[in-house]
Amino acid sequence: MTKYKHLHYLFVESLSKPETDPIIIVFNGGPGGASLGMNFFAMGPYVSDGTSNLFPFSEHTWAKNASLLFVDNPAGVGFSYAERIFDSVNNDHSFRRDILTFVKQFYSYWP
């Protein structure tokens with residue numbers, strides 16, 4: 001990932017044992033489809049009433065036994081962006097490089 005790419009993410013801490021439960025990384029975004037959106041509401045502990053209001057909804061959440069990390073990718077999808085237009089061009093190689101860099105940076109900020 002170049003210094004000109006900015007990947008947006010949401011982290012939901014496990015509702016059970018966040019110190020020992022696994023982290024599930026969700027990055028199935030792609031051209032026109034962000035990882036947040038429906039994934040966040042399908043897997044996460046919140047539900048929306050169709051406005052900007054969120055309500056706890058833990059009955060079916062994956063966060064019962066795992067922390068969830070949702071990553072909008074590639075740059076240019078969802079809330080992720082690239083400062084330079086040519087950094088918005090992505091392929092399998094750039095995705096692999098960007099996600100590896102993201103995960104390393106995430107764990108360096110949030111060990």
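**View 1. The whole chain, read from end to end.** Going along the sequence, the protein chain runs β-β-β-α-β-β-β-β-α. That comes to 2 helices and 7 strands (helices are DSSP runs of H or I with at least four residues, strands are runs of E with at least two, both numbered from the N terminus). This is a predicted model, in which local features need pLDDT of at least 70 and side-chain atom pairs count only at pLDDT 80 or more, while totals for chains, interfaces and linings use all residues. Residues are numbered from 1 along each chain as its sequence is written, and side-chain values use heavy atoms, with hydrogens and water left out. Of the 111 residues, 32% count as buried (buried is under 20% relative accessible area, exposed is over 50%, partly exposed is in between, with a 1.4 Å probe and protein chains only). Take the contacts between residues at least 6 apart in sequence: 71% of them join residues at least 24 apart (contact means heavy atoms within 4.5 Å). The accessible surface is about 7100 Å², and 60% of that belongs to carbon and sulfur atoms (Shrake-Rupley method, 1.4 Å probe; for residues, only the protein chains shown count as cover).

**View 2. The largest nonpolar core.** Leu7, Leu69, Val71, Ala75, Ala82, Ile99, Phe102 and Phe106 make up this 8-residue set (a nonpolar core is a set of buried Ala, Val, Leu, Ile, Met, Phe, Trp, Tyr and Cys residues joined through side-chain atoms within 4.5 Å). Strand 6 (67-71) and helix 2 (92-109) are the elements that give two or more residues to the core, and helix 2 gives the most, with 3. Apart from this core lies another, of 7 residues, including Val12, Met43, Ala63 and Phe70. In soluble globular proteins, nonpolar side chains tend to be buried together.

View 3. The structure holds 2 salt bridges (a side-chain nitrogen of Lys or Arg within 4 Å of a carboxyl oxygen of Asp or Glu). Lys5 pairs with Asp98, with the closest N and O atoms 2.7 Å apart. This pair links distant parts of the chain, Lys5 in strand 1 (residues 5-6) and Asp98 in helix 2, 93 residues apart. Asp98 also bridges to Arg97, where the closest N and O atoms are 3.6 Å apart. Lys5 is buried at 6% relative accessible area and Asp98 is buried at 4%, whereas Arg97 is partly exposed at 35%.

**View 4. Ser14 in its loop.** Ser14 sits between strand 2 (9-12) and strand 3 (23-26). With a relative accessible area of 5%, Ser14 counts as buried. Its side chain makes a polar contact of 2.6 Å with the side chain of Asp21 (N or O atoms within 3.5 Å; within protein, one must be able to donate a hydrogen and the other to accept it, and residues adjacent in sequence count only if both atoms are side-chain atoms). Leaving aside neighbours within four places in sequence, Ser14 is in contact with Asp21, Ala63, Lys64, Asn65, Ala66 and Ser67.

**View 5. A cis peptide bond at Pro74.** The bond joining Asn73 and Pro74 is cis, with omega about -5 degrees. Pro74 lies in the loop between strand 6 and strand 7 (81-82).
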